[in-house]
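The paragraphs below lead through the packing of this protein chain, and then turn to its aromatic contacts and one of its helices.

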Amino acid sequence: MTATPGTQLRDLSVGSQPLPIAGTINAYCALLAQRAGFTALYLSGAGVANADFGLPDLGLTSRADVVETARRITSAVPLPLLVDADTGWEDEPGGIGETIRQLSDVKAAGCHLEDQIPRKRCGHRAGKQLVSANAARDRIAAAVEGRRDTTFVIMARTDAYSVEGLDAAIARAQQYVEAGADMIFAEAMQNREEYRTFCSTVSVPVLANITEFGVTPLMPRPQLQDAGVSLALYPLSAFRAMSQAAESVYRAILSDGSQQAMLGQMQTREQLYEVLNYEQQEQRIDQLLAEARQPSDGN
């Protein structure tokens, strides 16, 4: 029997220490990550807001926005997908339970819910505001109660470290585990020793967000393993590189009058077709067209 996406993510988080998770903003990026050798994927809420809507990561996108992008990714790639569900869209119809059900229906492996107020901030920005520990605990309990597939991963993210300190972050994480969280996302810690302290006192797998240009140093995986981290997240690394490359191409076309100088930095048409399995798809369509043209036997 085929393992569910949630079971795949759980098994991978135990079997690889820490498990590297590639941030993918769309289905094509998911194909590229799979091709590179990643075994688990992530959909960032910031990625949906930034790439699909040109908006900052301030809780401005809807449940439907994120669920649809998740559906496109899981339809293209069989790898387990962890989804950023912000604060769960508890104010939308059906609340957090409906969020869990919809993400499970599109075959996501799991999601994380954070303990900020609904108009959240990026985890590496100042000005974050938290809901009470009890309110955040209730979010996790609602998510656990709402899932139909018990293997779907409920991950609790805490932003308490940068607001209330390490001890408060640990205390909150322990409450979230008591409420049923399967994993913990420890956001914005600043060194390996803090991760070691956190991981040693929390009884479930812990994720470290290794995002660029934030407050957490870009620790290599052996250091994270030494600290006890189970999952290492790279949420927007490829998106940042893609964005810089795109702007460079746009500027070159305007300044040079041609894209010729940028060809060496581009994926070729042949490479694109290979990623998309273009020729096989084309052959399948040609076969269907040929079959449609065949005369009927008159019956």
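Two residues are in contact when heavy atoms of each lie within 4.5 Å. The model is predicted. By that definition, and leaving aside its neighbours within four places in sequence, Ile 184 is in contact with Met 155, Ala 156, Ala 173, Tyr 176, Val 177, Phe 198, Val 202, Val 204, Pro 205, Val 206 and Leu 207.

Ile 184 belongs to the largest nonpolar core, which has 58 residues. Ile 184 is among the residues with the most contacts inside this core, together with Leu 41, Val 83, Leu 103 and Phe 198. Helix α8, residues 166-178, supplies the largest share of the core, five residues. In soluble globular proteins, nonpolar side chains tend to be buried together.

Aromatic rings come next. One aromatic pair is found in a search of the whole structure. Its members, Tyr 273 and Tyr 278, are stacked, with 4.2 Å centre to centre and 20° between the planes. Tyr 273 counts as partly exposed because its relative accessibility is 27%; Tyr 278, at 35%, also counts as partly exposed. Elsewhere, Arg 157 places its charged end over the ring of Phe 185, 5.3 Å from the ring centre.

Helix α3 spans residues 45-53, and its buried residues are Gly 45, Ala 46, Gly 47, Val 48 and Ala 49. Their cover includes β2 (41-43), α4 (63-76) and β3 (81-84). At the N-terminal end, Ser 44 caps α3, with a side-chain oxygen 3.0 Å from the backbone nitrogen of Ala 46. Gly 54 follows α3 and has a positive phi, near 65°.

Note on methods:
Residues numbered from 1 in each chain as written. Predicted model: local features only at pLDDT ≥ 70, side-chain atom pairs only at ≥ 80, totals over all residues. Heavy atoms only, no water. Core = buried A, V, L, I, M, F, W, Y, C linked by side-chain atoms within 4.5 Å. Buried < 20%, exposed > 50% of the residue type's maximum accessible area, 1.4 Å probe, protein only. Helix = DSSP H or I, 4+ residues; strand = E, 2+ residues; numbered from the N terminus. Phe/Tyr/Trp six-rings, centres within 6.5 Å; stacked < 30°, edge-to-face > 60°. Lys NZ or Arg CZ within 6 Å of the ring centre and 35° of its normal. Polar contact = N/O pair within 3.5 Å; in protein donor to acceptor, adjacent residues only side chain to side chain.
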